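I opened the notebook to look up charged pairs and one hairpin.

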Amino acid sequence: MAGNAQKIIDLDRQRMTAMAEQNVAMLDKVLADDLIYTHSSARLDTKQSLIGAMQSGATVYTSVEPSDVVAQDLGDAVVLTGIAAISVNSAGKTNSFRVRFTDVYASKAGQWQMVTWQSTRLG
C-alpha cells in the first residue's frame, strides 16, 4: 500500500474543510469509530462527541487551514505532521490560533480513516 502519502494529505485537507463546513456526512465517513481526538486544550473527544458538539453548535469551526504537512507512509497507516490555522467558536467565544499537529490515518476495510489527532497550540 505504499505511495499513499499525497492521497492522505489531500484527504486530511478535505476533512478539515468538512469541519469548517459542518459536513457531517463526510466526517462520518472519514473519522474512525474509535477516533481519539486530543485538542490543543488537552480536551479529549471521540468521533461521536466531536461531531455532536459541532451539530449542537457548542463548537463551530469556521476555518481549518493546514500548512507544512509532511506524511510518513507506513503501509496501512499514514502519519501526518504539520501546522493548522484554526478559527472556532466554542462556548460563545470566537478564537483563532495555530497548532502543530500529529494526525494518523489507517486503512480499515479498504477505506482510509483518521484514528488519532493530537495538537499543541503555537505561541
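**Entry 1**

Is Asp-45 buried or exposed? I looked it up in what is a predicted model. Asp-45 is buried, with a relative accessible area of 8%. I used the cut-off here: the residue counts as buried because its value falls under 20%. Next I checked the partner. The side chain of Asp-45 meets that of Arg-43 in a salt bridge, at 2.8 Å from N to O. Arg-43 has a relative accessible area of 36%, so I noted it as partly exposed.

**Entry 1: Asp-28 and Lys-47**

I went on to another salt bridge. The side chains of Asp-28 and Lys-47 meet at 3.1 Å, N to O. I placed both ends: Asp-28 sits in helix H2 (residues 24–30), and Lys-47 sits in helix H3 (residues 47–56). They are 19 residues apart, and the pair links distant parts of the chain. Then I looked up accessibility. Lys-47 comes to 5% relative accessibility, so it counts as buried. Asp-28 comes to 43% and counts as partly exposed.

**Entry 2: Asp-34 and Lys-108**

Which residue forms a salt bridge with Asp-34? I found Lys-108, with the closest N and O atoms 3.2 Å apart. Asp-34 is partly exposed at a relative accessible area of 48%. Lys-108 is partly exposed too, at 31%.

**Entry 3: the count and a network**

How many salt bridges are there? I got seven. I also noted a network of salt bridges that links Asp-12, Arg-15 and Asp-103.

I turned to the strands. S3 covers residues 59–73 and S4 covers residues 77–90. The two run antiparallel, and twelve bridges join them. Val-70 has Thr-81 in S4 as its bridge partner. Then I looked at the turn. Three residues lie between the strands of this hairpin. What does Gly-75 do there? Gly-75 takes a positive phi near 100 degrees.

Definitions and conventions
Residues numbered from 1 in each chain as written. Predicted model: local features only at pLDDT ≥ 70, side-chain atom pairs only at ≥ 80, totals over all residues. Heavy atoms only, no water. Pairing = 2+ DSSP bridges. Helix = DSSP H or I, 4+ residues; strand = E, 2+ residues; numbered from the N terminus. Salt bridge = Lys/Arg side-chain N within 4 Å of Asp/Glu carboxyl O. Buried < 20%, exposed > 50% of the residue type's maximum accessible area, 1.4 Å probe, protein only.
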